[in-house]
Amino acid sequence: MRNAATILGMIGGILALIMGIFSFGYTEALGRWEELQEVLPVPGNVELLRAMSVIAPILAIAGAGMARYRALWGGILLLVSAVAIYLTFNNFFSIFPAAMCGIAGLFAIAAGRPDEEKAHF
């Protein structure tokens, strides 16, 4: 389950990274060329969209990297990333990265054995 969490988390993180690059570029183009604002729709909260375009993919990739050795922490990061992706972007293209990160987070948390003999925290 840890390997599946790592692979799904990496794929979801890379897809979120691609989506984040296009979202950040879209908002940057709207800010630089004001003529585009007349033709294209302007997002409601540009700062939130830009911040989550960077933070959510990083959380997903970091959580996927941690999933093999620190499954609880990696799973939590993956679930937070899935929620951030879904709530921030909320379109057809965000379904796949959010679903992959969410499933990866559930797999990481549901991994049968504890990480170490001591407590997680």
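The model is predicted: local features need pLDDT of at least 70, side-chain atom pairs count only at pLDDT 80 or more, and totals for chains, interfaces and linings use all residues. Residues are numbered from 1 along each chain as its sequence is written, and side-chain values use heavy atoms, with hydrogens and water left out.

**Overall fold**

- The chain has five helices and zero strands. Helices (H or I, at least four residues) and strands (E, at least two) are DSSP runs, numbered from the N terminus.
- In sequence order the pattern reads α-α-α-α-α.
- Along the principal axes, the C-alpha atoms fill a box of roughly 60 × 25 × 15 Å.
- The chain has 121 residues, and 36% of them are buried. Buried means under 20% relative accessible area, exposed means over 50%, and partly exposed lies in between (1.4 Å probe, protein chains only).
- Among contacts with a separation of 6 or more, 70% join residues 24 or more positions apart. A contact means heavy atoms within 4.5 Å.

**Helices H3 and H4**

- Two packed helices are described by the angle between their axes and the distance between the axes.
- Helix H3 spans residues 46-66 and helix H4 spans residues 71-89; their axes come within 8 Å and cross at roughly 155°. That makes H3 roughly antiparallel to H4.
- Axes are lines fitted to C-alpha atoms, for helices over the stretch in contact, and angles run from 0 to 180 degrees between N-to-C directions. Angles under 35 degrees count as roughly parallel, over 145 as roughly antiparallel, 65 to 115 as roughly perpendicular and the rest as oblique.
- The H3 and H4 crossing is left-handed. The term applies if the near helix is turned anticlockwise from the far one by less than a right angle; clockwise is right-handed.
- Residues making the H3 and H4 contact include Leu-48, Met-52, Ser-53 and Ala-56 of H3, and Trp-73, Leu-77, Ile-85 and Phe-89 of H4.
- The contact residues divide into 17 nonpolar, five polar and no charged. Ala, Val, Leu, Ile, Met, Phe, Trp, Tyr, Cys and Pro count as nonpolar, Asp, Glu, Lys and Arg as charged, and the others, Gly among them, as polar.

**Two buried residues**

- Ile-85 lies in H4. Its relative accessible area is 0%, so Ile-85 is buried.
- Beyond neighbours within four places in sequence, Ile-85 contacts Ala-16, Met-19, Ala-56, Asn-90, Ser-94, Pro-97, Ala-98 and Cys-101.
- Ser-53 sits in H3. Ser-53 is buried at a relative accessible area of 4%.
- With neighbours within four places set aside, Ser-53 contacts Gly-20, Ser-23, Phe-24 and Phe-89.

**Salt bridges**

- The whole structure holds two salt bridges. Each is a side-chain nitrogen of Lys or Arg within 4 Å of a carboxyl oxygen of Asp or Glu.
- Glu-28 and Arg-32 pair at 2.8 Å, N to O. Both lie in helix H1 (residues 2-32), four residues apart, so about one helical turn separates them.
- Glu-28 is partly exposed at 26%. Arg-32 is exposed at 61%.
- Glu-28 also pairs with Arg-50 at 3.2 Å, N to O. This pair links distant parts of the chain, H1 and H3, 22 residues apart.
- Arg-50 is partly exposed at 25%.
- Shared partners join Glu-28, Arg-32 and Arg-50 into one salt-bridge network.
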